[in-house]
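Below is a note on the salt bridges of one structure. Please look through the chain first; the points follow.

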Amino acid sequence: MIVLGIETSCDETAAAIVTGERNILSNVVLSQIADHEPYGGVVPEIAARAHLDHLDRLIAESLVQAGVGLGAISAVAATGGPGLIGGVIVGVMTAKAIALACGVPFLAVNHLEGHALTARLSDGIGFPFLLLLVSGGHCQLLLVAGVGRYRRLGTTIDDAVGEAFDKVAKLLGLGYPGGPQLEQAALAAISPRRFELPRPMLGRPGCDFSFSGLKTAVRRCLAGLPQPLPEADAVDLAASFQTAVADVLVERTGRAIALAAAADPDCRTLVVAGGVAANRYLRTRLAGLADQTGWRFVAPPLGLCTDNGAMIAWAGLERLRLGQSDGLDFAPRPRWPLDPTAHHAGGVKAAKGKT
Ligand code: KG4
Ligand code: ZN
């Protein structure tokens with residue numbers, strides 16, 4: 001089986017060709033960072049137009065790099081949501097057109113399921129596993145029992161963790177998108193715990209997260225520092241923030257390990273996925289946690305953590321193998337929770353319906 005995967009839900013236009021034997025024949029990603037940088041964040045209209053401008057060429061390039069023609073494709077998978085609706089429409093319409101023209105199945109993949117199943121593509125792990133999903137739009141702990149079988153153990157009640165990285169990076173003048181730059185800055189810190197920042201939710205029952213207070217605390221810290229901010233202060237504050245985030249993620253994940261083990265004794269693997277999983281400091285801290293608890297720890301290669309087409313192709317492949325596909329009447333979904341039965345966590349954004 002050979003599947004074409006298309007990802008257009010945010011600010012990366014991506015196409016990839018993946019086989020059922022877990023071979024990534026090509027994985028082409030075009031970042032739109034330069035388009036959005038002047039605005040300090042992703043502008044949905046600009047993102048949608050950029051996807052439209054580049055997607056056809058990227059798909060052609062993914063086929064050339066893989067050395068296959070459209071005739072060899074068994075199915076076409078595209079992110080069907082959640083994400084910025086303009087971009088999702090571009091990817092879904094393109095995928096439907098190719099599937100129809102080639103007479104092969106179309107699969108609308110949940111972007112979060114793409115992240116969730118990446119460790120099965122990169123490391124071939126089996127079910128069940130505990131997933132810490134940390135991206136620009138989400139921060140969740142999920143018990144993954146199988147394809148399409150997710151039980152949410154915790155979620156953020158306000159900001160996503162990547163969003164917190166990006167906002168703090170902006171406050172520190174580190175540029176956009178911010179997460180990778182903040183990690184880089186933190187490496188230069190002399191005293192990475194110099195600034196006393198809160199650890200929101202630490203010690204509370206359950207596995208939910210909160211990051212907006214941490215961002216506010218960084219803003220308060222900044223108000224007491226000289227401006228323009230000396231580099232030594234910026235890097236120490238970046239590291240203090242990153243340490244606080246990791247402390248919270250590790251403690252919450254530790255609780256989820258206990259819950260997951262109680263719910264399913266076969267669950268002994270911790271997986272981290274999503275853009276923030278590319279953070280090396282966080283990976284090291286989570287590996288330490290898994291070590292302490294005797295669990296296996298799996299973190300996909302950095303390029304498969306941030307948005308890409310290979311994860312969408314793979315999730316499509318997994319569903320295809322189970323005999324699943326989607327109709328050409330599939331409607332793109334701006335919101336699409338992995339565990340639809342999970343209650344809404346409290347908080348302002350949850351109240352507004354953010355997944
Ligand atoms: O999964 P992703 O590529 O897109 C979404 O689905 O949201 O995640 C993007 C997020 C951004 O907030 C970005 O700043 C963050 O992942 N990110 C990082 C790192 N690399 C990407 N955050 C911290 N450290 C990194 N190295
Ligand atoms: Zn993502």
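Is Arg194 buried, partly exposed or exposed? Arg194 is partly exposed, at 37% relative accessibility (buried means under 20% relative accessible area, exposed over 50%, partly exposed in between, with a 1.4 Å probe and protein chains only).

1. This is a predicted model, in which local features need pLDDT of at least 70, side-chain atom pairs count only at pLDDT 80 or more, and totals for chains, interfaces and linings use all residues. Residues are numbered from 1 along each chain as its sequence is written, and side-chain values use heavy atoms, with hydrogens and water left out.

2. A salt bridge is a side-chain nitrogen of Lys or Arg within 4 Å of a carboxyl oxygen of Asp or Glu. The count by this rule is 15 salt bridges.

3. Arg194 forms a salt bridge with Asp236, at 2.8 Å from N to O. Asp236 belongs to helix α8 (residues 231-263) and Arg194 to the loop between α6 (179-187) and α7, so the pair ties together parts 42 residues apart in sequence. Asp236 is buried, at 4% relative accessibility. Helices (H or I, at least four residues) and strands (E, at least two) are DSSP runs, numbered from the N terminus.

4. Lys215 and Asp159 meet in a salt bridge of 2.9 Å, N to O. This pair links distant parts of the chain, 56 residues apart: Lys215 is in helix α7 (residues 212-223), Asp159 in the loop between β8 (149-155) and α5 (161-171). Lys215 is buried, with a relative accessible area of 12%, and Asp159 is buried at 3%.

Conventions:
Chains lettered and ligands numbered in written order.
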